[in-house]
Structure formats: C-alpha cells, structure tokens
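Please read the points with the structure open beside you.

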Amino acid sequence: MLAFSNPVGSGTLWFHNLTTAEGTPVAYDPQARAFLPMPPFCANREVIGCNWIAPEEGAFCRSCAMTALAPDPEIPNAISNWAETEAAKRWVLDNLGRWHWFRPEDPGTRPVFHMLADGHTLAAMGHGNGVVTISVSEADPVVRVTRREALDEPYRTMIGHMRHEIAHMLWWRLSLREDFLQAFRVMFGDERVDYTAALQRHYQQGAPQDWELFYLTSYASAHPHEDWAETTAHLLHLTDITDSFVATGLSSPELPHHSWDPYSEPDSVLLINVATTLATRVNHINRSMGLSDVYPFVLSETGRRKLAFVHDWLRRGAQGR
C-alpha cells in the first residue's frame with residue numbers, strides 16, 4: 001500500500017486516515033489514488049468511518065456501493081466489526097485496482113458483498129456467482145484467534161479473508177475465458193471435481209502428508225478452487241508487503257531501484273523472489289518484539305509456479321489482455 005501526500009499541508013497520510021494531523025477532514029479518491037480535502041464524502045463516513053469520496057452528496061463510495069447486505073445492527077458489536085471489515089475490503093479493492101480490477105476501465109462484473117454478523121447461527125463465508133459473503137464477526141480478535149487455533153492455521157485476518165473470497169470471484173470472472181480454463185486445469189487441476197465431497201474429505205482426513213511440496217497451505221490441497229483462492233491471496237499478500245516496504249522508504253539490495261513499483265513489475269519470478277526475501281526480513285523484525293511472523297509460510301517450487309501463474313492472469317485479466 002502506498003503512503004500518501006497531505007493535500008493541505010506537510011506530512012504523510014495513511015490509507016485509513018479520516019483527517020490530517022491538524023484535524024482537517026480528508027477522503028481518499030481511489031481513481032486518483034490521492035487524498036482530497038473536500039466533499040462529497042461517503043454516506044457511510046459517520047456510520048462506519050469510511051474515508052473514501054462519493055460521486056455525489058449523500059451517495060456511497062465505490063467500495064460501500066458494492067455492499068448489498070449489511071449486518072443486523074441489533075447484534076452486539078455488529079457495527080464496529082462491520083466497520084473493520086469494510087476497511088479491509090477497501091484495502092484489498094485498492095490493491096486490485098493497481099491491476100485495474102473493478103475500476104471504471106474494467107468492463108467486467110463487480111463483486112457484490114453480503115456482510116453478515118453471527119447471531120444465533122454462524123455466518124459462513126464464501127462466494128457464489130459474483131456474491132462474496134463475509135462474516136464480520138471475525139473482526140473481533142478473540143473470535144478470529146479462537147477459530148485460527150481450532151483450524152490450526154498460521155495466519156487469519158480480515159484482509160486475508162477478503163483476499164481469499166474475492167479470489168474466488170476473480171476466478172469466476174476469468175473462467176469466462178476458454179484460454180484461462182485450459183491453462184488453469186493444467187496448473188491447478190480440474191475444478192469440476194465434486195467440491196462438497198472434496199471439502200468433507202479434507203476436514204475428515206486432513207491434507208496429504210506431502211502437501212507442502214505442492215500447495216501454499218494445507219487448505220489449498222482440498223480442491224482446485226481453494227488452491228486458486230489461497231494462491232491468489234498469497235500473491236496479494238506478497239505484492240502488498242513489498243509495495244508497503246517500498247512506500248515507507250525502506251531499502252534493500254534486492255530492490256531493482258528505489259522507486260520500483262511491484263504492481264507494475266511484469267517479471268513474476270523477480271517479484272516473488274524480492275517479496276519472499278523482504279517478507280523473511282520483516283519476519284525477523286517481528287521476532288525482535290516477540291510477535292508472530294508477518295508471513296509465516298515457506299514456498300515450494302510448485303507454489304512459486306502457481307504464484308507466477310496467478311500474477312500473469314491478474315495483471316492482464318481485468319481488461320482482457
């Protein structure tokens with residue numbers, strides 16, 4: 001994620017800012033990729049702290065307009081959890097916008113989001129026919145850590161959920177191309193294998209003993225759809241870790257040059273090599289504070305090839321190149 005200039009003074013603005021350090025209200029324009037000091041602001045600004053601009057007074061911003069179903073405000077903590085979930089959505093949409101996904105120049109379908117809070121029943125997350133369903137309850141760190149430990153996962157965040165579920169929607173978009181489907185099946189396998197049965201087998205029997213040689217996560221081994229979603233999420237993780245590293249002015253001998261833009265890099269192997277090296281170094285910094293690794297994964301050669309495949313298609317897919 002980029003760091004942004006203050007439009008009314010000195011200093012830096014960060015992606016979630018609603019005001020400058022001096023208290024001037026600002027909002028983010030995702031088309032210009034810059035902060036502006038004037039309305040119209042998103043209609044959800046006072047409701048959930050959305051900091052994007054709107055096309056007109058009283059309207060929703062580009063991101064909030066994609067949310068067709070909001071959580072029941074009567075459920076405890078639903079609004080605060082929804083606010084954090086929408087913030088994660090804005091972050092991921094802006095990442096994907098660097099490759100032209102879901103911007104005005106993208107001629108394809110936009111995702112529709114259903115944001116649900118856990119009431120008497122748990123809200124299941126998933127994607128179907130362009131609709132992304134997200135449980136906002138996982139914005140609660142206690143809920144999220146409890147589920148992460150129950151599933152024996154090394155990583156679980158709202159941005160991670162957004163990247164994974166939107167990845168399913170991206171596959172749905174790309175699957176309209178016959179050339180994509182043929183290439184996908186060579187790399188990931190045949191997605192027409194029974195999905196429900198595959199997930200049941202995964203949860204009953206677990207991942208194959210040697211899953212680390214072929215997949216980025218154990219869950220990716222369950223089905224080609226999940227392998228794609230996990231790999232796509234990881235490509236977004238690694239690209240954005242690298243972009244944030246550069247944006248904050250940090251340097252490393254692996255960087256091609258000081259103003260390098262990872263989202264503009266056409267060489268998948270170069271991007272992945274730089275990203276994994278930087279992630280390893282940031283992991284080491286986190287350990288100095290007793291914190292978890294920011295990227296707690298090891299990439300196999302097969303995993304790297306899958307990441308390169310996804311990178312190639314995401315860079316050209318939105319505009320059909």
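**Notes on the model**

1. Asn77 is placed in the loop that runs between strand E5 (67–69) and helix H2 (78–97), where helices (H or I, at least four residues) and strands (E, at least two) are DSSP runs numbered from the N terminus. Although Asn77 is not a glycine, it has a positive phi of about 65°. Its relative accessibility of 51% makes Asn77 exposed, given that buried means under 20% relative accessible area, exposed over 50% and partly exposed in between, with a 1.4 Å probe and protein chains only.

2. This is a predicted model, in which local features need pLDDT of at least 70 and side-chain atom pairs count only at pLDDT 80 or more, whereas totals for chains, interfaces and linings use all residues. Residues are numbered from 1 along each chain as its sequence is written, and side-chain values use heavy atoms, with hydrogens and water left out.

3. Phe102 also has a positive phi of about 65° without being a glycine, and its place is the loop between H2 and strand E6 (112–116). Phe102 is buried, with a relative accessible area of 3%.

4. Another backbone feature to inspect is the peptide bond from Pro39 to Pro40, which is cis, with omega near 10°. Pro40 belongs to the loop between strand E4 (34–36) and helix H1 (45–48).

5. How many disulfides does a search of the whole structure find? The search finds zero, a disulfide being a pair of cysteine sulfur atoms within 2.5 Å. Cys42 is in no disulfide, and the nearest cysteine sulfur to its own, that of Cys50, is 3.7 Å away; Cys42 is buried, at a relative accessible area of 4%. For Cys50, the closest cysteine sulfur is in Cys61, and the 3.5 Å between the two sulfurs is too far for a bond. Cys50 counts as buried, with 0% relative accessibility.

6. Two packed helices are described by the angle between their axes and the distance between the axes. Helix H4 (residues 158–174) and helix H7 (residues 224–247) pack at about 120° with their axes 8 Å apart; axes are lines fitted to C-alpha atoms, for helices over the stretch in contact, and angles run from 0 to 180 degrees between N-to-C directions. H4 and H7 are therefore oblique to each other, since angles under 35 degrees count as roughly parallel, over 145 as roughly antiparallel, 65 to 115 as roughly perpendicular and the rest as oblique. The residues of the contact of H4 with H7 divide into eight nonpolar, six polar and four charged; Ala, Val, Leu, Ile, Met, Phe, Trp, Tyr, Cys and Pro count as nonpolar, Asp, Glu, Lys and Arg as charged, and the others, Gly among them, as polar.

7. Helix H8 (residues 268–287) and helix H9 (residues 301–317) cross at roughly 120°, and their axes come within 9 Å, so H8 and H9 are oblique to each other. In H8, Ser268, Leu271, Ile272, Asn273 and Thr276 meet Arg304, Leu307, Ala308, His311 and Asp312 in H9, where contact means heavy atoms within 4.5 Å. The residues of this contact divide into four nonpolar, four polar and two charged.

8. Ala3 is found in the segment before strand E1 (4–5) and, at 30% relative accessibility, counts as partly exposed. Leaving aside residues up to four places away in sequence, Ala3 touches Thr12, Leu13, Trp14 and Ala247.
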